[in-house]
Amino acid sequence: MADLELDFDDDMIAVDDHDRQQRLMAAHDGDEWTVFEGPIDRPHALSKRGSVETANQVLVAALQWIAENDE
């Protein structure tokens, strides 16, 4: 079982994978959510993964990210 932590509010969603020390984070800005990924311990080193329109799409992207890391 993965050691995951989910944190969210109106304009931010973050998923931390503590087993792999990786973070997926999405920030809401205007009409879109920008999705980033990178190491948990270096928040300024996150790289852009893409953009989506809704919070539901962010959660789908997070599930895909978890599945990618699980392979």
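Q: Which residue takes a positive phi in the hairpin of β3 and β4?
A: Quick housekeeping: this is a predicted model, where local features need pLDDT of at least 70, side-chain atom pairs count only at pLDDT 80 or more, and totals for chains, interfaces and linings use all residues. Residues are numbered from 1 along each chain as its sequence is written, and side-chain values use heavy atoms, with hydrogens and water left out. The hairpin of β3 and β4 has 2 residues between the strands. The one with a positive phi, near 70°, is glycine 30.

Q: How many bridges join β3 to β4?
A: Strands here are DSSP runs of E, at least two residues, and helices are runs of H or I, at least four, numbered from the N terminus. Two strands pair if DSSP finds at least two bridges between them. β3 and β4 run antiparallel, with aspartate 29 opposite glutamate 32 in β4. The bridge count for β3 and β4 is 8.

Q: What positive phi does glutamine 21 take, although it is not a glycine?
A: Most residues other than glycine have a negative phi. Glutamine 21 is found in the loop between β2 and β3, a hairpin with 4 residues between the strands. Its phi is positive, at about 55°.

Q: What is the relative accessible area of glutamine 21?
A: The cut-offs are under 20% relative accessible area for buried, over 50% for exposed and partly exposed in between (1.4 Å probe, protein chains only). Glutamine 21 counts as partly exposed, because its relative accessible area is 40%.

Q: Which residue does aspartate 16 stand opposite in β3?
A: β2 and β3 (residues 22-29) run antiparallel and are joined by 6 bridges. In β3, the residue opposite aspartate 16 is arginine 23.

Q: Which residue in β2 is the bridge partner of aspartate 9?
A: β1 (residues 4-9) and β2 (residues 12-17) also run antiparallel, with 6 bridges. A hairpin connects β1 to β2 through 2 residues. The β2 partner of aspartate 9 is methionine 12.

Q: Is threonine 34 buried or exposed?
A: Threonine 34 sits in strand β4 (residues 32-39). Contact means heavy atoms within 4.5 Å, and leaving out residues up to four places away in sequence, threonine 34 touches Met25, Ala26, Ala27, Lys48, Gly50 and Ser51. Its relative accessible area is 13%, so threonine 34 is buried.

Q: What distance separates the C-alpha atoms of alanine 67 and glycine 50?
A: Alanine 67 belongs to helix α1 (residues 55-70) and is partly exposed, with a relative accessible area of 40%. Along the chain, alanine 67 and glycine 50 are 17 residues apart. The separation of their C-alpha atoms is 17 Å.

Q: What pattern does the protein chain follow along the sequence?
A: The protein chain has 1 helix and 5 strands. Read along the sequence, the pattern is β-β-β-β-β-α.

Q: What radius of gyration does the protein chain have?
A: The radius is taken over C-alpha atoms, and the globule rule is 2.2 Å times the number of residues to the power 0.38. For 71 residues, a compact globule would come out near 11 Å. The protein chain agrees with that, at 11 Å.

Q: How far apart do the centres of the positive and negative side chains lie?
A: Lys and Arg count as positive, Asp and Glu as negative, with His and the chain ends not counted. Each charge is placed at NZ of Lys, CZ of Arg, CG of Asp or CD of Glu. There are 5 positive and 18 negative side chains. The centres of the two sets lie apart by 8 Å.
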